[in-house]
Amino acid sequence: LSVLRRRCGIARKRLSGPGLAAEGRVLRSVLYVYHSRLLRHRPYLALQQVEQCLKRLWKMNLVGCLETLVELIPKKNASKAHAECLVPSQLMLETVALKVLGGCKLILRLLDCCCKAFLLSVKHLCSKEFILLNTLASGLLSRLWFVIQYRCVLQSLTSLYGALSTVLPLVSETQQTPYIKGFTFPSDISDFLGVNISSEAKKQKAQMLATKKSTSWMKKLFPPMPEAVSKVGKKRKSELCTGTMKNRSILGDIGETVV
């Protein structure tokens, strides 16, 4: 029970972190601004799929469900082996386990949509289509993908399911009151998800990094300036820096209010 309580707390903290919510708000704002202009643009439609996955994840109320479960778990285990101990009901454990399975599937889908939408945005950026939107989208999607992976949201949910699958049979032995009927909870969540989480994350990261490293599209958008212009710019910059250093005592504090 102590392991289950700890893993519930970790998963709840990572799901309700500020990063995921902030990226979701930015995504909704971008979609709202471009709604009337890009209804049939492929990166925009891919962004809508990402936003739909995020919306479904919040509507599951997985965070609230985990908070309820934590409140039902006693803070201290019984000291004696045969002492009585309050435990969450089979109904509650099955409900949380089912939501965790669905949440893992949904996050896998979200990561896949992020990767596909990112590749589409970069592709259309190379074609010089809607440069501002695609630049925003590529940065937003890479950050959203990174937040989920770096904060280990999916990994925390899979480890939580491991603790749930250990406690659930023990609780059901005391009193058989099954709530979910016609469904067998898998002992290993990897079999249910159908993919290896770590290998899938490495594959998606390799695809996104390979696209980022190819800078040919950046050269198309921002062609290199001629050498003569570059030398003039460097000369002016050095003169400006020298003049600033000389006049530093005259200008006074840089933090003073300028009227």
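Let's start with Cys114: its sulfur lies 7.3 Å from the closest cysteine sulfur, in Cys113, too far for a bond, since a disulfide is a pair of cysteine sulfur atoms within 2.5 Å. Cys114 is also buried, at 0% relative accessibility (buried means under 20% relative accessible area, with a 1.4 Å probe and protein chains only). A search of the whole structure turns up 0 disulfides. Cys53 is in none either, as its nearest cysteine sulfur, that of Cys113, sits 4.2 Å away. At 8% relative accessibility, Cys53 counts as buried.

Keep in mind that this is a predicted model, where local features need pLDDT of at least 70 and side-chain atom pairs count only at pLDDT 80 or more, while totals for chains, interfaces and linings use all residues. Residues are numbered from 1 along each chain as its sequence is written, and side-chain values use heavy atoms, leaving out hydrogens and water.

Now for the helices (DSSP runs of H or I, at least four residues, numbered from the N terminus). The axes of α2 (residues 18-33) and α3 (residues 42-59) come within 10 Å and cross at roughly 135°; axes are lines fitted to C-alpha atoms over the stretch in contact, and angles run from 0 to 180 degrees between N-to-C directions. The residues in contact (heavy atoms within 4.5 Å) include Leu20 and Leu27 in α2, and Leu47 and Trp58 in α3. They divide into 9 nonpolar, 2 polar and 2 charged (Ala, Val, Leu, Ile, Met, Phe, Trp, Tyr, Cys and Pro count as nonpolar, Asp, Glu, Lys and Arg as charged, the others as polar).

Further along, the axes of α4 (residues 62-72) and α5 (residues 90-126) come within 10 Å and cross at roughly 150°.

Notes:
Helix = DSSP H or I, 4+ residues; strand = E, 2+ residues; numbered from the N terminus. Buried < 20%, exposed > 50% of the residue type's maximum accessible area, 1.4 Å probe, protein only.
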